Amino acid sequence: MNRWDSWDESRVRVRPNKRGSRPRTKETPDYSDAELARVVQVDRGRYTCFLEARGSASERVVTAMRAKALRRSPVVPGDIVRLVGDTSAAAGTLARLVRVEERRTLLRRSADDTDEAERVIVANADQLLIVVASADPEPRTGFIDRALAAAYDAGIEPILLITKADLAQDPTDPAGLVSHYLQLEFPIVISGHEEQQQLSPAALDRLRELLAGQVTVLIGHSGVGKSTMVNALTGADRATGGVNAVTGRGRHTSSSAVALQVNPDGWVVDTPGVRSFGLAHVHPDDVLAAFEDLVEGSESCEPGCLHESPAGGCALDAWVKQGHAGHNGPARLASLRNLLHSLSGSPEDEREKRLGAT
Ligand SMILES: Nc1nc2c(ncn2[C@@H]2O[C@H](COP(=O)(O)OP(=O)(O)OP(=O)(O)O)[C@@H](O)[C@H]2O)c(=O)[nH]1
Ligand SMILES: [Zn+2]
């Protein structure tokens, strides 16, 4: 069932009415009758919204502006919003965006690892599809680990897509990445077609299966094959007449994220402006949560352990040495430490303060 085209009230958690059961007044309408839409792109104060009249098959793309009362509330791709005014989608018309529904998930990042100011990237995503290439450009576990931490922080499921396997020495484990993440339970899809430079049919099938009915955010460095993948997913659908690429080619004109509809009943949110995740808003223990295979070993750490070294009371080194995290344990611990070190650029006392607060 397409979670975006059946927006009946039961599927959308509506913010509880702070005013209790008191009758609404004209001054504070709650707009629960206003039309529900999904924000698919944000560009200089204009919100491209995908709208479907409930109980009808009439989908349309409406451009809206935020109502004055929402001036200070960020509205991001993936948000479910209420629209009033002209929602006809006729050329030159503008609807008014009057309310943002409660978000199920929120993918965030900091500008960098030391700046705790958060930026929201996408709302209501179910999955994060992390795309790396086997080569050209070389994959970096640091990038993958970072993306994993951001996904777990947001409460969304990660998927790893490794493209260009045809360029790798060992196509079954391109760049040794698969063995690095083998202990973790998220899906890994490997793709690469020498001749056509595109997704292999098996990878495409697997992706369709994983993306069906889900809102999936795409992240990956330039040149790893994201467009190739999106085109393969939407292009094949276009041939069968089922696709609705909401904003199609226009996506390159903006650096904001954009949602593209892919059949069967899934959405892919491309994030052209986002190439890395600052994680200053994520606690070290939440970073550790992205290293599921090491979490058990941290049970013997000293309370408040930052997992930085045995001298600091970290039990992970001994645990990994005993072989509990398998053959790749030492490499995994090194990856964790790399990520934690890049986060500890903030002054030590700041970090202590944050730890003390939890
Ligand atoms: N050899 C090989 N080349 C591929 C594969 N997938 C994509 N490519 C090529 O890699 C290049 C970059 O692919 P894109 O899809 O444009 O990469 P992108 O991630 O969208 O890059 P940006 O738009 O810059 O973010 C293109 O020349 C593709 O043809 C693959 O599996 N194998
Ligand atoms: Zn520790």
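Which residue just after H1 takes a positive phi? Gly 155 does, with a phi of about 75°. Welcome to a predicted model, in which local features need pLDDT of at least 70, side-chain atom pairs count only at pLDDT 80 or more, and totals for chains, interfaces and linings use all residues. Residues are numbered from 1 along each chain as its sequence is written, while chains are lettered from A and ligands numbered from 1 in the order in which they are written.

**View 1. Helix H1, residues 141–154.** Helices (H or I, at least four residues) and strands (E, at least two) are DSSP runs, numbered from the N terminus. At 1.5 Å a residue, the 14 residues of H1 should span 20 Å, and the end C-alpha atoms are 20 Å apart, which agrees. The expected span is 1.5 Å times one less than the number of residues. Twelve of the 14 residues are buried, so H1 is largely enclosed by the rest of the structure; among them are Ile 144, Leu 148 and Tyr 152. Here, buried means that 20 or more other C-beta atoms lie within 10 Å of a residue's own, exposed means 12 or fewer, and partly exposed is in between, with C-beta atoms placed from the backbone.

**View 2. The largest nonpolar core, with 85 residues.** Such a core is a set of buried Ala, Val, Leu, Ile, Met, Phe, Trp, Tyr and Cys residues joined through C-beta atoms within 7 Å. Cys 49, Leu 128, Ile 130 and Val 269 touch the most other members. The largest share of this core, eight residues, comes from H1.

**View 3. The surroundings of ligand 1.** Look for the 17 residues around ligand 1, of which the closest are Ser 222, Gly 225, Lys 226, Ser 227 and Thr 228. A residue counts as near if its C-beta atom, placed from the backbone, lies within 6 Å. Helix H4 (residues 226–239) gives the largest share of this shell, three residues.

**View 4. A cis peptide bond between Asp 136 and Pro 137.** Omega is about 0° at this bond. You will find Pro 137 in the loop between strand E8 (127–133) and H1.

**View 5. Positive phi at Arg 44 and His 307.** Arg 44 has a phi near 45° and sits in the loop between strand E1 (35–43) and strand E2 (46–52). Arg 44 is exposed, with 6 other C-beta atoms within 10 Å. His 307 has a phi of about 60° and lies in the loop between helix H6 (292–295) and helix H7 (316–321). His 307 is buried, with 23 other C-beta atoms within 10 Å.
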